[in-house]
Every structure is written in structure tokens, then in C-alpha cells.
Amino acid sequence: MNKNKLTIVITGATKGLGKALAEQYLQDGHHVIGCGRDSESIKSLSTIYEGKADFQVVDISRYDQVQKWSALVLEKYRPPDFLINNAAIINKNAFVWEVPQEEFSSVIDVNIKGTYHTIKVFVPSMIKSKNGIVVNFSSGWGRSTSPEVGPYCSSKWAIEGLSKSLAQELPEGLACVALSPGMIDTEMLRSCWGENASLHDKPEIWAERVAPYILDINLKDNGASLTAP
């Protein structure tokens, strides 16, 4: 894999870790294809990085939208060298039996089904090109648990299982890992921890350190549960 200029697909690229990674990879000279649900943020990113990246409004919980997006992407560009499934949401702090049914469903639809959707539409092209790494963002809460975040924990434990199973299915030349990004001062962490989230790095600082780490993930890591430095 030529690391001089990689094609990198990132979901959830409008804020937090996804945006920070996208901007870091663009700064490093890679070609970024990103999506997100916030149309204003997508419009802003598209203007700033015109000619250097491709950002589209996509709700990854909607398979029809993901399918249409991938068709446009694969018609214009080569299959991704890295498919980074970052997009995720978290429930408001609550005991499991107090979480509204619609909220629990939304967490599952975005965090699990959304990851499945992007795998379904992009991985066949990666298999055809015999190249590519799938990085599914997990969490410390995909390997442990805490109270009041049961839906989120459930979704990230599922990502761990999905990633390891996919790793066993992929042919030579491809790999899949589950990556826990660590503790970062994002909106998501603040929703759980409030101001205590500020004790951790901002996404931009995190991305400077972790962006190259992700690109060092290789075939030998297939099936691993990794934790970002």
C-alpha cells in the first residue's frame, strides 16, 4: 500500500473525532471522502477543502442513502485504502429500563447498522482490488461497562464482535480491526461526564497523534482489538 496518498473514507466527519481525523489526513496530503448528517457542516467542509476532498450528507442508519453515496463515490474514485467507521451516537444517561425505545433504537441503527451498511457497500470493491483496511471504532465501553450507558455499551460490544467475525471472512490483502480511540474531550464524552471531559485531549490534539497510528494498521493486525495511543 502506497502511503504517499491514500484514499480514506470516514463516516461522521462533521464533528469530533471524524472531523479531526479528516482534517489531519487532508493536511497530510491524503484524499478524504467523508459523510455526516449535518448539512451545514458538510457545506462548510466542502467549501474549505474544495478539490481536495469529497464530503456528502449521508445518514448512515439509512441503507438507501449509504448505497447511493457509495455508488457515487466508487464511480468517481478508487476503492478506499482505509474505511474508517467512526460515526456513532450515545444515549442520554439513564438506567436501561428508563431509556426511551426510540432512543435505544437510534443508537443501534447508527452505531451497529450504520457500520454494517458501509461495510456492505464498500468492502466488495476493496475485495475486488485486493486491498484495504476496515477500522471500526469501538470504545472502552465495548470491552467494559458502566451504568446509564447500556445502549451505547451494547452497540460497541457488538462492534467488537462484528469486527472479529468480518476479520475471519476477509480474503488475502484485507484486514479489519476494532479500535478504541481512548478518552477525548468530545460532545459525546461531555454528555456523560460534563466538565470532567476537559481533563482529556481535544480531538485535534488526539488526531495529530492517532492519525498516523491508524495508517500503520496492517494485515498482521487483522482481527485485533486495538487501543489508540
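This is a predicted model: local features need pLDDT of at least 70, side-chain atom pairs count only at pLDDT 80 or more; totals for chains, interfaces and linings use all residues.

Trainee: Thanks! What makes S2 largely enclosed by the rest of the structure?

Mentor: Six of the six residues of S2 (residues 31-36) are buried, so the strand is largely enclosed.

Trainee: How do you know that S1 and S2 pair?

Mentor: Pairing asks for at least two bridges between the strands. Five bridges join S1 to S2, and the two run parallel. One example is Val9, whose bridge partner in S2 is Ile33.

Trainee: And what about S2 and strand S3?

Mentor: Five bridges join S2 to S3 (residues 53-57), so with at least two needed, they count as paired. These strands run parallel, and Val32 has Ala53 in S3 as its bridge partner.

Trainee: Which helices belong to the β-α-β units with these strands?

Mentor: Helix H1 (residues 16-27) makes a right-handed β-α-β unit with S1 and S2. Helix H2 (residues 39-48) makes a right-handed unit with S2 and S3.

Trainee: Why is such a unit called right-handed?

Mentor: Picture the strands pointing away from you: the path from the first strand over the helix to the second runs clockwise, and therefore the crossover is called right-handed.

Trainee: Let us look at one residue. Why is Ile10 called buried?

Mentor: Ile10 has a relative accessible area of 0%.

Trainee: Which residues does Ile10 contact, leaving aside its neighbours within four places in sequence?

Mentor: Among them are Gly18, Leu21, Ala22 and Tyr25. Val32, Ile33, Gly34 and Cys35 are also in contact with Ile10, as are Ile84 and Asn86.

Trainee: Now to strand S5. What makes S5 mostly covered?

Mentor: Six of its six residues are buried. Gly132, Val134 and Asn136 point one way, while Ile133, Val135 and Phe137 point the other way.

Trainee: How do you know that S5 pairs with strands S4 and S6?

Mentor: Four bridges join S4 (residues 82-85) to S5, and six join S5 to S6 (residues 174-180). At least two are needed, so both pairs qualify. S4 and S5 run parallel, and so do S5 and S6. Ile84 has Val135 as its bridge partner in S5, and Phe137 stands opposite Leu179 in S6. The chain crosses from S5 through H5 to S6 in a right-handed β-α-β crossover.

Trainee: Which helix makes a unit with S4 and S5?

Mentor: Helix H4 (residues 101-129) does, and that β-α-β unit is right-handed.

Trainee: Why is the pair of Glu160 and Arg143 called a salt bridge?

Mentor: Their closest N and O atoms are 2.8 Å apart. The cut-off is within 4 Å, so this pair counts as a salt bridge. The pair links distant parts of the chain: Glu160 is in helix H5, and Arg143 is in the loop between S5 and H5, 17 residues apart.

Trainee: Buried or partly exposed: how do Glu160 and Arg143 count?

Mentor: Glu160 has 7% relative accessibility, so under the 20% cut-off it counts as buried. Arg143 has 31%, which lies between 20% and 50%, so it is partly exposed.

Trainee: How many salt bridges does the structure hold?

Mentor: It holds five. One of them joins Asp81 and Arg78, at 2.7 Å from N to O. Asp81 is buried at 5% relative accessibility, whereas Arg78 is partly exposed at 42%. Another joins Asp64 to Arg62, with the closest N and O atoms 2.8 Å apart. Asp64 is partly exposed at 39%, and Arg62 is partly exposed at 38%.

Trainee: Last one: which residues form a nonpolar patch on the surface?

Mentor: Phe95, Val96 and Trp97 do, with about 370 Å² of accessible area together. Val96 lies in the loop between S4 and H4.

Methods: Residues are numbered from 1 along each chain as its sequence is written. Side-chain values use heavy atoms; hydrogens and water are left out. A salt bridge is a side-chain nitrogen of Lys or Arg within 4 Å of a carboxyl oxygen of Asp or Glu. Buried means under 20% relative accessible area, exposed over 50%, partly exposed in between (1.4 Å probe, protein chains only). Patches are made of residues with over 30% relative accessible area and no salt bridge: like charges are joined within 9 Å, nonpolar side chains (Val, Leu, Ile, Met, Phe, Trp, Tyr) within 5 Å. Accessible areas come from the Shrake-Rupley method with a 1.4 Å probe; for residues, only the protein chains shown count as cover. Contact means heavy atoms within 4.5 Å.
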